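This briefing is meant for someone meeting the structure for the first time. Please look over the sequence and the model below before reading on.

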Amino acid sequence: MVRYNKKLPVIGALLGLAVAGGAQASSKYLLPPVQTNDMFALEKDCDCVLRITPDKYISVEIKEDDIIYAIKKDTYDELEDISFGSKAIVALDDGTLLFTVGDGVTMGDDNDFDSRSYVMKRNPYGKLSVLLSNYDILNLTYETASSLEGLVQGGDGYFYTGDDISDSIIRIDPYSGYAKIFIEQEDIDKLGEDFQFDVQPAMAADNRYLYLASDDSPNLVFKVDYTFGKPEIFAAGPNVDPFNLSKENYIYLVNDYKNPPRGYDSYYGLKGYDYPKKPTNISGKFKINIDKYKYYNHEYSYSHTISTDPLQWDASPYDVAAAIKKAIGVKVEVTGVGTIGKPWEFNLPDGFKFTGVTEYYLEGASIETISNNSTGGDDKEAIESQNHIEALSTSKKYGKLSVRFEARITSGSDSETEDLGTISWYVGDSPAKIKELLVKYTHLTEKDVHVSGTGSSYNPWVFSFKGGFENTRIALKNGSYGHDDTIDSDYILVGTIQNARAFDDPDGFMTRKYNGVITVQDDSNGHFIYDISLLGEVSKVLSEWDFVSLNKGSVDIEGGIAYDQDKNLFISSHGDSDSNDFGKDQDASIFKYSKNGSLSIWIDAEDIAKVTYGDEGSIEVEGIAFERKRQSKSNSRYKPEPSPSPSFPSSWF
């Protein structure tokens, strides 16, 4: 159903203004001044719009008080504060700025929603006004609050923003402010079983499509054509199948011995995968317990619990599938071999819920389970598709390092980590020595990991995981916590070179390159920048290690991203509290990735705080945009902004 905001009563008045607007055609103000290549940035600490010139001169372009005054004047809404969290800005060729803003009153379990949102417009002559009010948004979404994320100009001339409360995309006429719901959450959810769309500021556009990223289930980039508003899956990551989603339930064994004994035949001889060697210290059986539910009056209610026949600790996936089918009477697909790197994975049909296992004289190992705790299954992720690679370096010339290795086991959003073990080694130890320690003291075998490098910032130790942990994300954590003579974690850097799966959490921003390629951020376990070709092919632009090694500490690549007129890419990093326990805490910064491939810190929090008089630790730059440079007025593509007469496509009625 088409929903639109109520601005029709003003048509007569606006048409009257059109006559006066036409009289301005001969005015000396017809053309605004020649544009620059300045950056406009939404900064959260000052709640202001900054202008940053190519030579890095920073000034406040629009103050918080000016924004609050315009909102009160145009809407009569009372508010004392504003917020730029996940908000975006667009700079037009004629000097117009459009940007989104929240009211600073947070909602939700994580306080990540605004209660009121607005789309602001500053025309080429400096007048600031509300283009789309909170009242307009609520009339469209039928919600009691609004929280806008992202803003982009579509190839059709309209502007698009997302409401995170209703998970809908709103299309806006930039002149009249007339708006309608372009697509809703349900439009994307129906693309695949268990798909769940979640609005993010990551939006981009070209002449044919609007591009949207979702960090829910699964993490994908979608494209939507302007004419019919039909969403399509565009990209999921390097070699990732968006329909091959993670399972609901995982079961795996953790050997009491850190390293499984070597020298035994591989599991089952399944093709295409080198499974870990079968240990000999484990014995015993286990049962799988499943609750059956009855569906009555539109809801499930518990009926009784079913248990499978006892299964051997080293049961094949076919044995596990047969046992489940015998117990519930329905065929179930099971993959994996029950190890940390390759658990037994399965979904259950509607009306059944996995509740755990019962051990029968299980010796030499413990059995672990993960479930998303649903009766039908939801909240999935596209599964990992490539080997995980981590880098680690230290600035110290001598000393001991202590590092814990953790494997991520995924069941939708209920992913967990399993401690693979901790090892210590000394600066100067060879890669062969480090690998020997890994095999001896962790769950990794010789075929599970490859180590290279010397540990310097120019040649870090590189850990590539494969074998029994192929396509498994491995995190390197501080294993010493200040004990004995180990090097302080402030002097150790860790970063991901290749993530097991791209688009792990694309909740930052997205932009379009000059050649039509889409550039997107991913900021979860690894902080990456990816390019997506016109065919949906994904390639890495920058890895987390690229940022970490330059920044001398961890990063949070979740702010704005944009190309300037000279084809350089600018990337905003929020201040990060060092989530991986390594490196020094770093404040926010804006990185510049030049067209010749060099990465540098362009602006840092200290630079901004000198202008805004803010707290360096609180500086965060959200959406950014560039004012396009034009060489002269004679060849300008500028067209005068028309009088504010509404332009309503016939399809809206």
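Two aromatic rings, from Phe, Tyr or the six-membered ring of Trp, count as a pair here if their centres lie within 6.5 Å. With that in mind, Phe-405, Trp-425, Trp-461, Phe-463 and Phe-465 form one aromatic cluster in this structure, which is a predicted model. The protein chain has 653 residues, of which 57% are buried, and its secondary structure comprises 8 helices and 41 strands. Among the contacts between residues at least 6 apart in sequence, 61% join residues at least 24 apart.

**Aromatic pairs and charges over rings**

- The structure holds 16 aromatic pairs, and in one of them the rings of Phe-197 and Phe-222 have planes at 85° and centres 6.2 Å apart, so this pair is edge-to-face.
- That pair links distant parts of the chain, since Phe-197 belongs to the loop between H4 and S14 while Phe-222 belongs to strand S16 (residues 220–225), 25 residues apart.
- Phe-197 has a relative accessible area of 2% and is therefore buried, and Phe-222, at 2% relative accessibility, also counts as buried.
- Two lysines are placed over tyrosine rings: Lys-223 lies over the face of Tyr-209, at 4.4 Å from the ring centre, and the charged end of Lys-396 sits over the ring of Tyr-491, 4.2 Å from its centre.

- Helix H2 runs over residues 64–75, has 12 residues and reaches 16 Å from its first C-alpha to its last, which is close to the 16 Å expected at 1.5 Å a residue.
- The buried residues of H2 are Glu-64, Ile-67, Ile-68, Ala-70, Ile-71 and Thr-75, and seen down the helix axis they fall within an arc of 160°, so they line one face of the helix.
- The face of H2 turned away from this buried side carries the exposed residues Asp-65 and Tyr-69.
- The cover over the buried residues of H2 includes strands S2 (48–52), S3 (58–62), S5 (97–102), S8 (117–122) and S9 (128–132).
- Just after H2, Tyr-76 takes a positive phi of about 65°.

**Positive phi in two loops**

- Most residues other than glycine have a negative phi.
- Tyr-142, although not a glycine, has a positive phi of about 60°; this residue is placed in the loop between helix H3 (134–141) and strand S10 (148–153).
- At 57% relative accessibility, Tyr-142 counts as exposed, because the cut-off for exposed is over 50%.
- Lys-567 is likewise not a glycine and has a positive phi of about 75°, and its place is in the loop between strand S37 (561–563) and strand S38 (569–573).
- Lys-567 has a relative accessible area of 40% and is therefore partly exposed, as this value falls between the 20% and 50% cut-offs.

**Gln-200, a buried loop residue**

- Gln-200 lies in the loop between helix H4 (185–189) and strand S14 (203–205), and its relative accessible area of 7% makes it buried, because buried means under 20%.
- The side chain of Gln-200 is joined to that of Asp-198 by a polar contact of 3.1 Å.
- When residues up to four places away in sequence are not counted, Gln-200 touches Glu-149, Ala-213, Ser-214, Asp-215, Pro-506 and Asp-507.

**Glu-345, a buried strand residue**

- Glu-345 is found in strand S23 (residues 344–346), and at 14% relative accessibility this residue counts as buried.
- Although Glu-345 and Ser-246 are 99 residues apart in sequence, their C-alpha atoms are 8.5 Å apart in space.
- Leaving aside residues up to four places away in sequence, Glu-345 touches Lys-247, Asn-249, Tyr-250, Glu-333, Val-334 and Thr-335.
- With one of these residues, Tyr-250, Glu-345 also makes a polar contact between side chains, at 3.5 Å.

Methods
Residues numbered from 1 in each chain as written. Predicted model: local features only at pLDDT ≥ 70, side-chain atom pairs only at ≥ 80, totals over all residues. Heavy atoms only, no water. Helix = DSSP H or I, 4+ residues; strand = E, 2+ residues; numbered from the N terminus. Buried < 20%, exposed > 50% of the residue type's maximum accessible area, 1.4 Å probe, protein only. Polar contact = N/O pair within 3.5 Å; in protein donor to acceptor, adjacent residues only side chain to side chain. Contact = heavy atoms within 4.5 Å. Expected span 1.5 Å × (residues − 1). Arc of directions from axis to C-beta. Phe/Tyr/Trp six-rings, centres within 6.5 Å; stacked < 30°, edge-to-face > 60°. Lys NZ or Arg CZ within 6 Å of the ring centre and 35° of its normal.
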